[in-house]
Amino acid sequence: MSQQGSVRKRKDASVVGKSKEPAATGIAAPRDPDLDALIKANLEVKSPDVEWDYRIAITVITLLAFVTRFWGISHPNEVVFDEVHFGKFASYYLERTYFFDVHPPFGKLLFALMGWFVGYDGHFHFENIGDSYIDNKVPYVAFRAMPALMGALTVPVVFDIMWESGYTLPACILSAFLVLFDNAHIGQTRLILLDATLVFAMACSLLCYIKFYKLRHDPFGRKWWKWLLLTGFSLSCVISTKYVGVFSFVTIGSAVAIDLWDLLNVKRRQGALSLPEFGKHFAARAVGLIIIPFFFYLFWFQVHFAILSRSGPGDDFMSPEFQETLSDNVMTANAVTINYFDSIQIKHKETHGYLHSHPDRYPLRYDDGRVSSQGQQVTGYPYADANNHWQILPLQAGDEVPGRHVKNNEIVRLRHIVTNTILLSHDVASPYYPTNQEFTTVSVEDALTDRFNDTLFEIRIENGKPGQELKSLSGQFKLIHNPSKVAMWTHTTPLPDWAYKQQEINGNKNLGQSSNIWFVDEIPSIPKDSPRLEKQERKVKSLPFLQKWFELQRAMFYHNNALTSSHPYASEPFMWPFLLRGVSFWTQNDTKQQIYFLGNPIGWWLASSLLAVYAGILAADQLSLRRGVDALDERSRARLYNSTGFFFLAWATHYLPFYLMGRQLFLHHYLPAHLASALVTGALLEFIFNVEPILDEATIKAQKKLTGTKKHLPARQKIVGQSLLASWAALGVITAIIIGGWYFFLPLTYGYPGLTVPQVNARKWLGYDLHFAK
Amino acid sequence: MAKPAKSGSPAPAKVSQSTASPTIIRKHEDYTSEGVEDYDVFLLPGSDYQAMLAVTVLATIVRLFRIYQPSSVVFDEVHFGGFASKYIKGKFFMDVHPPLAKLLITLAGWLAGFDGEFDFKDIGKDYLEPGVPYVAMRMLPAICGILLVPTMFLTLKAAGCRTMTAVMGSCLIVFENGLLTQARLILLDSPLMIMTAFTGLAFTSFTNQHEQGPSKAFQPTWWFWLAMTGLGLGATASIKWVGFFTIAWVGSLTILQLWVLLGDVKTVTPRLFAKHLVARIFCLIVIPITFYMAMFGIHFICLVNPGDGDGFMSSEFQATLNSKAMQDVPVDVAFGSRVSIRHHNTQGGYLHSHNLMYPTGSKQQQITLYPHKDENNLWLLENMTQPLDISGEPINGSLAWDALPSPEFIKDGDTLKLYHLTTHRRLHSHDVRPPVTEADWQNEVSAYGYEGFEGDANDFFRVEIIKKMSDGEEAKKRLRTIETKFRLIHVMTGCVLFSHKVKLPEWASEQQEVTCAKGGTLPNSVWYVEQNEHPQLGETAEKVNYKNPGFFGKFWELQKVMWHTNAGLVESHAWDSRPPSWPILRRGINFWGKDNRQIYLIGNPIVWWSSTLAVAVFAVFKGIAVLRWQRGFRDYNNPIFKRFDYEIGTMVLAWAFHYFPFYLMQRQLFLHHYFPALYFAVMALCQVYDYVTARVPGIGLRENPIFGRLGAIVFLALTAVVFTIYSPLAYGNPWTQSACKQAKLFETWDWDCNTFLHDYSQYSTQSINANADVHKTDSPLIPTNAPVAPAGGQAAQQPLIQDHHGISEAPPPVVSEPPVALPVGQSILSREEKVEYRDQDGNLLDPEQVKALEGKVSFKTRYETRTRLVDAQGNEIPQPDGAGVAPPHPDVDGVDSSTLGKPEPESQDAPVAQKEVRADESKEESIAKSDKGAAKPASEGNEATGV
């Protein structure tokens with residue numbers, strides 16, 4: 001760098017205040033207090049510098065994004081992949097019937113809103129992939145337009161992130177192009193899926209945080225608060241769409257933690273913060289990034305509950321109390337209060353087996369040599385049968401008025417009607433579980449005399465109040481053996497042949513388990529025309545919001561963890577950066593058309609390899625520093641560690657945690673991380689092609705002599721003198737290849753035209769399992 | 001992103017600074033640490049050795065006290081004793097732990113004359129009567145447990161503590177009930193502990209040498225301890241895989257040390273740095289790996305015979321075992337070859353048929369998978385059309401190909417008929433649902449025809465070679481024995497011959513089901529030819545056999561199987577616990593109970609809680625120190641402060657490495673998994689004590705050592721008293737109910753006080769009640785969960801009658817009356833088989849009704865398959881044969897891989913009932929179906945509904 005260059009720099013420094021955004025240096029912003037003051041003083045001055053080149057670029061890119069996302073959006077006019085789920089949920093919202101899903105409601109509510117806008121009534125339930133939208137008159141284009149809109153807007157947001165971070169135009173364009181011409185982003189955002197919302201909100205949260213961070217020299221100002229709250233809101237949208245949104249919290253959270261850690265530093269360049277001041281910073285971020293987003297999150301659930309007021313397919317997932325808040329719920333509608341001397345069928349809630357007995361007895365000796373009581377077998381049996389009928393008897397049979405209701409915590413006895421025996425449990429090990437008590441029956445005579453105590457059972461209604469009446473269906477209870485305090489329990493391992501492979505029933509000492517719950521399924525002794533079966537008009541009850549939310553939240557986490565089944569197109573996280581395989585979304589045999597969800601391999605490989613390059617640069621820099629060799633100039637290093645480091649952090653936090661997840665994973669889980677890797681790629685383009693140190697040591701010394709302090713300049717202005725030719729050339733080459741790859745795989749993304757066999761085979765790059773290859 | 005890069009001292013420098021590895025030193029010009037002296041344990045004064053000897057003697061007394069008691073099998077002795085007998089007999093077994101400790105136990109037993117004839121089958125099984133040298137076998141863990149005490153002593157000395165502290169630390173180990181309990185029984189944890197501790201000693205000594213700077217580097221002591229660290233790591237990892245946590249600890253500290261070295265620009269030249277690096281790579285990577293693999297080498301040398309672990313391993317692996325090896329067979333398969341066809345993905349065995357009919361479906365002859373060699377496995381491969389003779393006339397008969405001038409090899413895409421030689425029927429499939437898997441996408445496979453029948457179109461199967469899995473160029477083009485993996489596609493329906501781990505009912509001797517599955521690429525549809533014979537392929541024909549995988553092949557395969565089995569141990573166990581409960585000692589493990597005595601693994605609460613407290617105190621200290629450092633306080637300039645931070649930090653790091661990774665493990669965990677972490681926590685506790693009483697100036701304790709001594713004595717006395725209180729649970733000594741109830745501070749310490757008698761005097765008079773009539777449910781002997789099935793498909797499918805060759809197993813169905821029709825009170829004690837007739841509502845019909853209906857309606861017979869469990873892989877979960885036979889402590893041996901993912905009965909939080917079985921079945925279906933290639937939604941929302 002010549003002396004002239006530095007002269008020009010100093011000139012630039014004098015006009016720094018005029019720039020539109022004084023901190024447009026991105027993350028590597030100046031830290032001098034005097035400069036800060038200068039900037040603050042100039043904040044109000046409107047800048048004429050509007051950076052037309054960037055504006056033109058972002059406009060063009062936005063237009064391209066809309067074209068690529070909306071092109072042929074009406075094709076295919078059939079249900080594709082997970083539209084099965086999310087289209088269905090939108091219909092449920094529109095029909096207001098309660099459903100259950102493991103994802104939070106925000107993304108689905110957006111679809112429902114869209115459906116509501118176009119006046120759709122939700123009659124179609126998206127049952128199978130390949131169902132026709134035309135025949136069923138579904139406004140699917142409107143539904144798909146919503147994610148496509150989000151997907152298209154993601155691209156300018158990516159551009160803006162790079163712009164705000166102060167990268168040169170080629171770098172900004174490259175990052176935006178990597179997302180713009182990416183088949184995976186296009187493919188995923190043209191369909192009724194949640195990922196478009198997720199990725200868009202995630203990108204917005206990065207952008208908002210960068211904007212917020214750039215205002216750090218003006219803390220607690222109006223704009224500062226604005227961007228802080230917007231960051232919080234974007235984060236809230238991410239997590240309210242899918243729970244993987246928690247990774248965005250980790251990204252922003254880590255950045256905030258590092259920022260706070262620096263604020264705590266006494267040797268901070270702007271001077272040490274006092275602890276109360278620090279506390280204020282801390283509290284502001286906690287409120288803006290945690291508390292307020294949480295309330296937004298809760299708000300979507302409130303909307304969810306408010307809309308879904310009718311009984312629907314999700315009822316079974318909820319407790320009876322919850323179901324009572326839904327109108328026309330079958331379970332509560334058909335509940336009948338149980339009287340003593342009714343004969344009832346008792347069903348196990350988890351395995352759906354009935355409490356059953358038959359005249360066969362337990363074998364004297366089990367295979368392992370243990371000995372049974374040789375009593376009558378009591379088993380669980382999954383089908384309706386007269387042997388499932390038990391008469392419920394009160395403690396004292398003599399002085400009972402008929403028609404008395406069975407209440408919570410009352411002691412009852414159960415008579416097996418067919419064999420006229422009484423249910424009993426005693427301290428004998430059950431066939432399979434030496435620690436659990438055997439269940440058997442004894443004759444009525446015995447039950448009245450010496451075995452009396454062992455036949456007593458307590459009805460303990462789940463979440464029941466004292467004195468609550470036991471109802472069929474809705475009354476879920478545990479049957480606790482009164483003397484020994486074990487709960488009647490069953491499991492799915494079938495007994496050997498001597499019990500016809502029916503379920504074992506035994507007494508479980510662990511009373512707390514939810515698998516101890518039974519309910520009365522039917523009361524066969526009530527005649528069909530009995531007044532007891534008449535249904536009264538039922539009031540829909542209400543529950544406090546938080547109680548409903550807690551219950552739903554628990555159920556969602558439980559079922560999310562249970563999603564471990566395999567899927568033919570599921571993939572492992574290590575496959576994603578290399579794009580080893582995609583997902584088949586839709587196929588049509590007649591036209592040989594297919595949608596195969598796949599990224600643009602060239603773009604992905606480029607982005608992934610540059611991640612490795614980035615890690616390598618950092619490691620090399622650290623090692624050489626450790627050996628006392630300083631190879632980078634200060635500005636490049638600051639930029640590399642702070643700005644690019646932030647993007648890299650975003651990639652890592654959106655990617656690495658998937659390794660810890662046991663559930664089914666798909667390629668589309670990588671999309672947020674891919675977006676972050678595109679940002680890193682853009683940043684590295686600038687780093688690699690502008691390696692020329694901006695200020696060599698001589699200049700710095702000269703500057704120091706002149707001014708006594710280093711001048712800090714916005715990044716872009718520092719390289720004003722540098723030729724960006726190399727960057728532009730590199731961008732041109734990379735763009736050409738990316739667009740080529742994008743175009744090549746486009747038929748698989750848009751689902752048309754159908755490809756011939758050689759064409760399909762040409763696209764089976766890494767053994768992508770495409771259809772119609774033969 | 002916010003951190004400004006400080007030129008020259010970027011982020012990691014902070015870290016190294018904060019952990020006080022001294023990078024900026026005033027006294028030293030090199031990487032020598034400030035405030036470090038030479039604590040070489042070989043140079044201790046004689047009095048220290050005397051003290052060490054004293055504690056060792058104490059430990060010996062405490063560990064060996066009544067080691068013969070109890071004289072029956074306790075807890076996991078079932079497994080490890082069992083492995084010893086398998087080693088002695090050389091029978092191959094599969095276990096999730098590496099072999100070193102088991103080999104040592106075997107060695108101890110073998111030296112004492114154990115012949116391997118005792119099977120250690122049940123907890124509580126008597127040792128005395130069969131004359132098992134169990135005391136000798138228990139001596140090995142006991143010696144390891146004793147050695148743990150001097151190791152703790154030396155490690156504390158090597159860390160620079162005073163003798164008083166070292167004695168205190170080693171006594172805490174002596175009086176640790178949990179370590180004692182483990183060290184008195186044939187278990188792996190005691191060897192694991194001593195090796196972990198030894199590694200800790202070696203690495204502490206090495207660190208001490210390293211920190212003394214360049215003058216000590218590459219000296220004999222330096223080399224010795226570095227090599228010992230490597231050896232210790234190898235040994236630890238060869239006992240249990242938990243040893244990898246130790247490796248992680250040593251590894252991360254080594255990287256830190258190298259980082260320090262790298263920063264010493266003055267004395268460490270790049271050449272010297274390379275030397276440091278290479279020395280560490282050799283000692284800490286090469287030595288442990290070599291040691292680990294050597295252990296497996298011995299393992300393979302010992303286990304040469306087939307055993308119950310075979311089922312886990314591939315056919316290639318099994319072929320290396322004695323008597324499982326097979327003769328070389330001709331490699332080329334031609335029309336007219338007699339072959340046996342083996343299923344590739346399951347260990348179910350060979351495609352098999354026998355002269356018994358399906359009771360359902362087509363009622364044609366059964367096709368099964370049979371695990372043993374048998375002439376019913378032999379099939380003759382016929383071409384679709386009969387060959388022509390010279391005059392152009394077809395030669396009839398199945399043996400027609402034998403007469404041809406030259407054998408015609410079978411190529412990819414050829415269509416075959418498979419002729420079953422003993423029953424003269426051909427493999428056949430049609431649109432009938434199979435007997436067990438009654439899914440739409442499955443067709444029944446049967447054997448159909450008679451002698452002389454030329455077959456029909458439903459007998460045609462097309463060979464499709466799977467090129468990726470076939471070995472060699474030739475094998476990709478035509479059918480070759482073993483080398484070629486292929487599918488058989490039924491020409492008429494397009495389905496593929498398929499088998500899975502679903503067993504047929506008793507009428508087929510519980511052999512594995514074979515079906516024809518519609519759809520493309522299922523791993524369960526891959527087959528290969530194992531036996532091959534053709535009259536025209538003489539002695540000189542090219543032969544083939546299973547490839548010998550070699551040591552590395554076997555080693556690697558075993559590692560993979562161990563890993564998968566280990567990860568699959570997710571069933572809950574009656575005594576398992578999760579990591580958060582360990583540091584607070586929430587609950588223990590019930591090991592054994594008999595004759596009113598009990599062994600229950602519980603730690604010494606004083607030791608556990610105080611060590612946890614020490615870790616917590618250090619964590620708080622560290623947090624404050626780092627905050628103060630960021631706020632500009634110069635604490636780290638004080639060498640004592642810095643050394644405290646670094647030395648205790650090292651041990652707390654070891655604690656963290658041995659504790660937190662368990663949070664990530666889904667498999668079942670037990671209290672004893674905390675022992676290595678506990679050891680390091682005790683070490684941290686002692687070091688904290690040492691600093692407070694002897695090194696930190698200004699609080700008055702350093703100046704008055706009497707207080708430190710007094711404190712240690714009081715603390716030790718307290719520990720010893722508490723130890724005595726709980727010792728009956730460790731030794732299996734007599735105890736009284738009242739003493740027990742007093743000692744039971746928390747409900748979660750769930751040993752059963754009712755086991756004990758009311759008075760000690762009763763123990764001397766009690767009669768041993770060995771054969772109680774009825775098993776009381778309180779018996780804690782056998783943990784609750786369903787018993788583990790024996791390993792592998794083969795073990796589960798032993799033929800019922802071994803020498804029954806002609807027909808492999810199928811009892812004639814016995815029809816008996818349905819139970820409803822029985823008069824009340826009558827009981828049937830045993831019954832082999834029955835057919836129930838039900839109407840459309842599932843109600844049982846009695847025989848009269850059935851008779852009346854006969855002829856008017858067709859009966860669909862269902863066998864009791866409704867409660868069948870299928871796991872996520874589509875494998876059937878075997879019924880627990882012999883409940884309670886194997887104590888299901890699954891830490892060890894082979895849970896059959898088919899029990900993976902079994903729905904867990906204990907799940908506490910299940911808010912909703914699920915039809916698990918049906919859901920699983922539909923899952924299996926969807927997996928299989930999806931291969932049709934149609935797109936399928938991710939199971940995101942919908943699947944959870946389970947309906």
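**Briefing on the predicted model**

In this predicted model, residues 467-523 of chain A have end C-alpha atoms 21 Å apart, and the span is 0% helix and 44% strand. Helices (H or I, at least four residues) and strands (E, at least two) are DSSP runs, numbered from the N terminus. The model scores ipTM 0.71 and pTM 0.75.

Residues are numbered from 1 along each chain as its sequence is written, while chains are lettered from A and ligands numbered from 1 in the order in which they are written. Local features need pLDDT of at least 70, side-chain atom pairs count only at pLDDT 80 or more, totals for chains, interfaces and linings use all residues, and side-chain values use heavy atoms, with hydrogens and water left out.

**Annotated spans in chain A**

- An unreviewed UniProt entry carries the annotation "domain: MIR" for residues 335-395, 403-462 and 467-523 of chain A; UniProt positions are given in the numbering used here, feature names are shortened, and annotations may be inferred rather than shown by experiment.
- For residues 403-462 of chain A, the end C-alpha atoms lie 23 Å apart, with 8% helix and 45% strand in the span.

**Nonpolar cores**

- A nonpolar core is a set of buried Ala, Val, Leu, Ile, Met, Phe, Trp, Tyr and Cys residues joined through side-chain atoms within 4.5 Å; buried means under 20% relative accessible area, exposed over 50%, and partly exposed in between (1.4 Å probe, protein chains only).
- The largest nonpolar core has 168 residues, of which B:Phe591, B:Trp655, B:Tyr679 and B:Trp751 touch the most other members.
- Helix H17 (residues 675-695) of chain B gives the most to this core, namely 14 residues.
- A second, separate core comprises 165 residues, including A:Phe86, A:Ala112, A:Ile192 and A:Phe247.
- Leaving aside residues up to four places away in sequence, B:Trp751 is in contact (heavy atoms within 4.5 Å) with residues that include B:Tyr600, B:Ile602, B:Leu729 and B:Trp735.

**Backbone features**

- Most residues other than glycine have a negative phi, and most peptide bonds are trans.
- The A:His75 to A:Pro76 peptide bond is cis, with omega near -5 degrees; A:Pro76 is in the loop between helix H3 (52-70) and helix H4 (83-95) of chain A.
- In chain B, the bond from B:Gln69 to B:Pro70 is cis, with omega near 0 degrees, and B:Pro70 is placed in the loop between helix H2 (46-64) and helix H3 (77-89).
- A:Phe81, in the loop between H3 and H4 of chain A, has a positive phi near 40 degrees and is buried at a relative accessible area of 1%.
- A:Asn420 has a positive phi near 50 degrees, lies in the loop between strand E5 (411-416) and strand E6 (421-429) of chain A, and is partly exposed at 37% relative accessible area.

**Confidence in chain B**

- pLDDT is the predictor's confidence in each residue, from 0 to 100; chain B has a mean of 77, and 78% of its residues reach 70 or more.
- Among the elements of chain B, helix H9 (residues 220-237) has the highest mean pLDDT (96) and helix H21 (residues 792-796) the lowest (31).
- The pLDDT is below 50 over residues 1-26 of chain B, a stretch with 64 contacts in the model beyond near neighbours in sequence.
- Residues 767-836 of chain B also stay under 50 in pLDDT, and the model has 165 contacts for them beyond four places in sequence.
- Where pLDDT is low, the predicted coordinates should not be read in detail.
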